[in-house]
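Keep the structure open while reading.

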Amino acid sequence: MPMVYNWQLGREMFYPYEEVRVGRQAAGIFNLNKCIGCQTCTMACKATWTSGKGQEYMFWNNVECKPWGSYPMGWDVKILDMLGVQKWGREGGKWVYKGETIFEASPENEISLGYIPNDIDYISPNRGEDEVSKPISDEDRFIRIPHQVWMFYLPRICNHCTYPACLAACPRRAIYKRGQDGVVLIDQVRCRGYRECFRSCPYKKVFYNHVTRISEKCIFCYPAIEKKVLPRCFRNCIGKIRTFGYINPPEEADPENPIDFLVHIKKIAAPILPQLGLEPNIYYIPPINVANDKFITMLFGPYGVEAVNNYKKAIEENDIEVIGALLLSNSSMHVYTRFRVSGDYVIGYDDDGREVVRVPIQEELLVRPSYDPLLDVYIRNDV
Ligand code: SF4
Ligand code: F3S
């Protein structure tokens, strides 16, 4: 197998295909400190893409409650159990993964470590939601994490990985990564329903359609992003937790690019399960209320705790550029690829340098007088 460089692992790794960095890689950042679990993103996606026959159980976007929730059930615990304990070291100022990826730990004659979930694992998209005090199954079979008094919501879509396991595993070569934006797509004509993609994607973001007998997945709303409009789940996010953009490799980080700025420069957004080796392109600002560094490390590797500390520091120090970048987060339906703080505003610009969004750093505070002389009424009862 060829060796490819995975910057999240800080080293080269085995992958069945040669390394090809696409011209520009679509990416997202989800701020978990702001997600309220309203599922608006889930329903926006469902109504747009998966309301047909055979798609009933599909949630290309889902929001699960951690530590107990998951969809399909136990997807994270199962693959982590198979892979074993993650080992990281620090070398030359960067994190280096010392364990095996799912490609390196694959059984003989398989491309990667993986499994096909049971039908029952999809029985409820919100199993375990809002449960903080008990295991999600009566038999305590899937999750054996002790009771914690914290919880948070984890929205998930396909990570449009730099090294997709779904693409690597397909014997029909029906999955491809677009050169112009790195979006990973399944060719619906070539696919014959072999379901190796379904088995290999560790994030379980490929769905098999039992009616058409071919697989489907999130398409990052490519018809929208081609028109510089945000994907549906980003556009409809009520909590404004989602930043869409394009990520560069760390050595080419551009401080005016909001994704590079938050991931590479300020290091407040972390990849999900980086140790699996796929270089996922959805990043998370981890929740700062989670009083358990081990859980954060389990989900985001060593980047997680580092991101929590950097996020707290930025807010404490009133880092106006970080605050500005966070405030811009899906504040407009337009894709902005550069940003800058100017006076009292943070401004987002598109590829052509046009201003597409402007947000005040501090909302103006308006205090209404308690008495309205026009109507001769008191509108507040504090007098
Ligand atoms: Fe493929 Fe899964 Fe990665 Fe999406 S998250 S690109 S489906 S391996
Ligand atoms: Fe390939 Fe997956 Fe279809 S393995 S043939 S894309 S079901």
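How many helices and strands are there in the chain? There are ten helices and 19 strands, where helices (H or I, at least four residues) and strands (E, at least two) are DSSP runs numbered from the N terminus. The model is predicted: local features need pLDDT of at least 70 and side-chain atom pairs count only at pLDDT 80 or more, while totals for chains, interfaces and linings use all residues. Residues are numbered from 1 along each chain as its sequence is written, and chains are lettered from A and ligands numbered from 1 in the order in which they are written.

Along its principal axes, the C-alpha trace spans about 80 × 50 × 45 Å. Of the 383 residues, 44% count as buried. A residue is buried if 20 or more other C-beta atoms lie within 10 Å of its own, exposed if 12 or fewer, and partly exposed in between, with C-beta atoms placed from the backbone.

In H2 (residues 75-83), the buried residues are Trp 75, Asp 76, Ile 79 and Leu 83. They cover an arc of only 95° around the axis, which puts them on the same side of H2; the arc is that of the directions from the helix axis to the C-beta atoms. Gly 84, with a positive phi near 90°, follows H2.

Most residues other than glycine have a negative phi, and most peptide bonds are trans. Arg 213 has a positive phi of about 65° although it is not a glycine. Arg 213 lies in the loop between strand S10 (206-209) and S11, and counts as exposed because it has 12 C-beta neighbours inside 10 Å.

Around ligand 2 there are 14 residues, of which Cys 170, Cys 191, Glu 196, Cys 197 and Ser 215 come nearest; a residue is near a molecule if its C-beta atom, placed from the backbone, lies within 6 Å of it. Helix H4 (196-200) and strand S11 (214-217) are the elements that give two or more residues to this shell.
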